[in-house]
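Visitor: Hi, could you walk me through this one? I'd like to start with how the pieces pack together.
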Amino acid sequence: MVGSAILCPGQGTQTVGMGKDLAEAFPEARAVFAEADEALGTKLSAIMWEGPADELTLTHNAQPAIVTHSLAVHAVVGAYLRPVVAAGHSVGEYSAYGTAGALSVADAVRLVRRRGELMFEAGQARPGTMAAVLGLDSDVVEAQCRAAGGDDAIVVAANLNAPDQTVISGDPAAVERAAQLLKEAGAKRVLPLNVSGAFHSPLMEPARQGLAAELESVQFLNPQFPVIANATATPVRTAGDARDGLARQLTAPVRWVGCMYEAAKMVDADTQFVEIGPGKVLSGLLRRIVPEHPTTVLGTAEQLSTFLEQHA
């Protein structure tokens, strides 16, 4: 059994075909996809496996797709892990609570579908945008956001992904002003993102209020091991704190660098960081934050089969 820190990816990692090989190879994974379909009352699995890509990319589909994929992986390999801590990036925090036994598959996918709907609605009511800033320290990015913002428009650091990679979010005019200031401050690149709103910014306040009510209607259990909250980069051990953190997350920055530093403090040198779900984005970020810790990526049937052979 492997001592592990579980990492669960967030939005943007979805691809057409995701998880299909898992369902074909592992009955445990197939059962998770079926449970998600039943909970949502629609064939999410068909959208995941067959597309079209435009439909899968819609926020209310992408978010439950990613959570379902991660929990399907966990259903196969969870018995071989000895989790010390878990963390998930943005919507991946719901997956992390699923691995910790705090949320059922059905409740997790229903919550994140509603989360996606609320985020989209908030973006329609007050259009916003986001941009990735490469090659600057996050404190410089935050300072330039303060300089670019004002009474008429908001821009904030929304995703602190790596020491030199931060995503900014807010009103389009303020994001544009911040982008220019950041280029002048030495950013290597400022890349506009194709999103439907200013996620993880104060513009998501209407979505936060709606989500808080949804979270109160769902049964949470105390996690079986700590889950590090995006909004605070601190470990969560109770159901109440889990609810609070997930609601705060919509308007607060994803403090991923802080989350990984906190995780690294909670594990020993032999602990394996295991990324479960689509892609390998978080493993790449981990190497830039705490490179001394080994990582394993588990997202495809081939990767899971190799892992199981090694740990049988």
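Guide: Happy to. One term to begin with: contact means heavy atoms within 4.5 Å. Helices (H or I, at least four residues) and strands (E, at least two) are DSSP runs, numbered from the N terminus. Axes are lines fitted to C-alpha atoms, for helices over the stretch in contact, and angles run from 0 to 180 degrees between N-to-C directions.
Guide: With that in hand, helix α8 (residues 138-148) lies across β3, β4 and β5, and runs at about 170° to β4.

Visitor: Before we go on, where do these values come from?
Guide: The model is predicted, so local features need pLDDT of at least 70 and side-chain atom pairs count only at pLDDT 80 or more, while totals for chains, interfaces and linings use all residues. Residues are numbered from 1 along each chain as its sequence is written, and side-chain values use heavy atoms, with hydrogens and water left out.

Visitor: Good. Which other helix lies across β3, β4 and β5?
Guide: Helix α9 (residues 172-184) does, and it also lies across β6. Its direction is about 150° to β5.

Visitor: And in what order do the strands of that open sheet come?
Guide: The order is β4-β5-β3-β6, with antiparallel pairing. Two strands pair if DSSP finds at least two bridges between them.

Visitor: Why is one side of β4 and of β6 left without a neighbour in the sheet?
Guide: Because β4 (155-162) and β6 (189-193) stand at the edges, each with a single partner strand. From one strand to the next, the twist averages 25°.

Visitor: How many bridges hold β3 and β5 together?
Guide: Six, between residues 129-134 of β3 and residues 165-170 of β5. As an example to find on screen, Met-130 has Ser-169 in β5 as its bridge partner.

Visitor: Switching topic: do β9 and β10 run parallel or antiparallel?
Guide: Parallel: four bridges join β9 (residues 272-276) to β10 (residues 295-298). Phe-273 stands opposite Thr-295 in β10.

Visitor: What about helix against helix, say α5 and α7?
Guide: The axes of α5 (residues 59-77) and α7 (residues 105-125) come within 7 Å and cross at roughly 155°. That is why the two count as roughly antiparallel (under 35 degrees is roughly parallel, over 145 roughly antiparallel, 65 to 115 roughly perpendicular and the rest oblique).

Visitor: Which residues meet there?
Guide: Among them are Val-67 and Leu-71 from α5, and Val-109 and Val-112 from α7.

Visitor: Is His-200 buried or exposed?
Guide: Buried, at 5% relative accessibility. Ser-90 counts as buried too, at 10%. Buried means under 20% relative accessible area, exposed over 50%, and partly exposed in between (1.4 Å probe, protein chains only).
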